[in-house]
Amino acid sequence: MATHRNRPKPVIAVGEILMWLLFTVLLVPAGAVGWAVGHYTGHHGGTRTVTVATSAAPATTTAAAPTTTAAATTAAAAGNAAAGKAVFTSAGCGACHTFKAAGASGKVGPDLDTATAADAKTAGMSLSAFVDQSIVQPDAFIAKGFPKGVMPGTFGQSLSKTQLADLVAFITGK
Ligand code: HEC
């Protein structure tokens, strides 16, 4: 009786052995492949990322360099005396100043033909630097015998840098 009851057991055991064999056959190589993939990816992947990053970085730097070089090429142009004559007339300088080259005979301010060169010496400045300062900041140096605060102090804002340079070139004769 006992042997009859025990008979089904070996059948189950054989099935279990087949199952374990199947597991072993499938899982062991799968695990080995998985470990190998993980192991090699870890090493090679890291090295490749560094190589890509290093080759990309110098390319970006080289591309940005010409932009900086191009922006630096902005030089201040020298004043144009002929253009300065037109500025002198349109700004109304002649209403207060005598200046033969402009056909002006104003008497409110100093005679730019005679007084200005002497005043530049007194101020210890070059003629062009003195004329430039006298136009932008009239009160920085007050010509002897003339009132302070009469010449407008707004020419530094109303005239462009080019107009100012042209005006200085015209008055200094350069
Ligand atoms: C409303 C009258 C007035 C106008 C307009 C005027 N100026 Fe004058 N300017 C003066 C007087 C007054 C002085 C003398 C006082 C001083 O040194 O600031 C003077 C001084 C100067 C000086 C210094 C001269 C020196 O020998 O010290 C220069 C250069 C000059 N003006 C240039 C100009 C120019 C250029 C303009 C036009 C953009 C102009 N001025 C417009 C009244 C005027």
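1. The buried residues of α5 pack against α4, α6 (155-158) and α7 (161-172). They are F130, V131, D132, S134 and I135. Buried means 20 or more other C-beta atoms within 10 Å of the residue's own, with C-beta atoms placed from the backbone; contact means such C-beta atoms within 7 Å. Helices are DSSP runs (H or I, at least four residues), numbered from the N terminus.

2. This is a predicted model, in which local features need pLDDT of at least 70, side-chain atom pairs count only at pLDDT 80 or more, and totals for chains, interfaces and linings use all residues. Residues are numbered from 1 along each chain as its sequence is written.

3. The protein chain has an average pLDDT (the predictor's confidence in each residue, from 0 to 100) of 80, and 68% of the residues reach at least 70. Over residues 49-76 pLDDT stays under 50, and the model has zero contacts beyond four places in sequence for them. Where pLDDT is low, the coordinates should not be read in detail.

4. Helices α4 (residues 115-123) and α5 (residues 127-136) pack at about 95°, with axes 9 Å apart. They are therefore roughly perpendicular (65 to 115 degrees). T116, A117, D119, A120 and A123 of α4 meet L127, F130 and V131 of α5.

5. The ligand is surrounded by 28 residues, with C93, C96, G109, A143 and M151 the closest; the criterion is a backbone-placed C-beta atom within 6 Å. The elements giving two or more residues to this shell are α4 and α5.

Terms used. Contact = placed C-beta atoms within 7 Å. Axes fitted to C-alpha atoms, helices over the stretch in contact; angles between N-to-C directions. Parallel < 35°, antiparallel > 145°, perpendicular 65-115°, else oblique. Buried ≥ 20, exposed ≤ 12 C-beta atoms within 10 Å, placed from the backbone.
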